[in-house]
Amino acid sequence: MQRLATVGRVAVLAGGHSAERPVSLKSGAAVLNALQELGLDAHGFDPAEQDVQGLAQFDRVFIALHGRGGEDGVIQGVLEYLKVPYTGSGVMASALAMDKVRTKLLWRALGLPTPEFAVAGEDIGRLPFPLMVKPAREGSSIGMCKVDDAAGLAAAIEAAQSFDTDVLVETWMSGAEFTVGILGDQVLPSIRLETPNSFYDYDAKYRLETTRYHCPSGLPAQQEQALQALALRAFQVVGCQGWGRVDVMQDADGNFQLLEVNTAPGMTDHSLVPMAAKAVGLGFAELVGEILLTASCHG
């Protein structure tokens with residue numbers, strides 16, 4: 001890729017302190033290998049082990065950090081201060097997208113479809129069982145649990161609170177689950193996820209070989225276009241840029257309901273954006289190069 005010839009020295013940020021550290025290390029290793037395959041002067045950088053001031057020595061940063069400290073605007077703020085271009089969304093959009101509750105409040109205010117929800121401590125009684133319980137600011141399905149009754153709800157909230165003080169309680173969606181990758185202005189084909197587990201949990205994402213990924217998803221063309229348009233709108237109103245992924249489910253009536261935005265999606269061998277990119281003829285290394293070319297300072 002001739003356009004990469006001038007990008008200079010690149011840091012691949014991976015690891016960090018979050019609960020998603022193991023996944024981030026895998027993403028970072030894959031990205032670093034791809035950049036080096038492309039002939040770039042790329043180096044791994046773990047902010048849990050290295051002083052972030054060292055990032056000032058780089059010309060661009062590829063953020064492969066997942067979870068807190070990586071997707072929530074913290075490292076983005078550091079890079080803005082250092083004036084080093086980086087991949088993904090800026091400080092505000094990263095912080096907002098990381099917070100599932102506030103993202104949903106924004107979507108609901110703009111009339112975008114998202115499952116009914118409450119925050120633990122509010123009136124949850126208005127929501128019918130089954131319910132999905134999630135820490136408000138975690139990824140990779142960490143701390144998530146489906147509950148069928150009040151006893152299970154109390155236990156699930158307590159477990160989720162070990163990851164976050166704010167816990168989202170959301171109406172259970174019984175339909176198919178989809179994810180839509182976004183690269184610059186391009187919306188990638190949707191992927192339909194199928195797992196024998198009760199939902200697409202951590203094991204289904206990273207450990208099991210029983211999860212099935214359908215890309216193309218099998219939706220009729222008109223529905224696929226509607227899903228892609230909804231995902232792009234949801235991404236843009238949060239203020240996201242560069243690249244990312246929007247997760248969506250269908251309700252019992254087949255309507256699409258927005259779940260969350262991922263501003264630094266996984267880049268492992270089980271990851272979804274590379275899978276969608278491959279469906280349009282974009283190999284892994286080429287995808288990594290294209291993402292790097294979107295790097296910028298947002299301040």
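**A buried glutamate, its salt bridge and other contacts**

Glutamate 290 counts as buried, at 19% relative accessibility (buried means under 20% relative accessible area, exposed over 50%, and partly exposed in between, with a 1.4 Å probe and protein chains only). The model is a predicted one, so to speak of local features takes a pLDDT of at least 70 and side-chain atom pairs count only at pLDDT 80 or more, while totals for chains, interfaces and linings use all residues. Residues are numbered from 1 along each chain as its sequence is written, and side-chain values use heavy atoms, with hydrogens and water left out.

Glutamate 290 pairs up with arginine 3: their side chains meet in a salt bridge at 2.5 Å, N to O (a side-chain nitrogen of Lys or Arg within 4 Å of a carboxyl oxygen of Asp or Glu). Glutamate 290 sits in helix α9 and arginine 3 in the segment before β1, so the pair ties together parts 287 residues apart in sequence. Helices (H or I, at least four residues) and strands (E, at least two) are DSSP runs, numbered from the N terminus. Arginine 3 is exposed, with a relative accessible area of 52%.

As for α9 itself (residues 284-293), seven of its 10 residues are buried, so the helix is largely enclosed by the rest of the structure. The buried set is Ala285, Leu287, Val288, Gly289, Glu290, Ile291 and Leu292. Their cover includes β1 (9-13), α1 (21-37), β3 (60-63), β8 (177-183), β12 (243-250) and α8 (272-279), where contact means heavy atoms within 4.5 Å.

The salt-bridge count comes to 12. Another of these joins the side chains of arginine 137 and aspartate 166, at 3.2 Å, N to O. Arginine 137 lies in the loop between β5 and β6 (145-147) and aspartate 166 in the loop between α5 (150-160) and β7 (167-171), so this pair ties together parts 29 residues apart in sequence. Both ends are partly exposed, arginine 137 at 22% and aspartate 166 at 23%. Through shared partners, salt bridges join Asp99, Arg102, Arg137 and Asp166 into one network.

Helix α3 (residues 91-98) and helix α4 (residues 100-109) pack at about 100 degrees, with their axes 5 Å apart; axes are lines fitted to C-alpha atoms, for helices over the stretch in contact, and angles run from 0 to 180 degrees between N-to-C directions. The two are therefore roughly perpendicular (65 to 115 degrees; under 35 is roughly parallel, over 145 roughly antiparallel, the rest oblique). Leu96, Ala97 and Met98 of α3 make the contact with Lys100, Arg102, Thr103 and Leu106 of α4.
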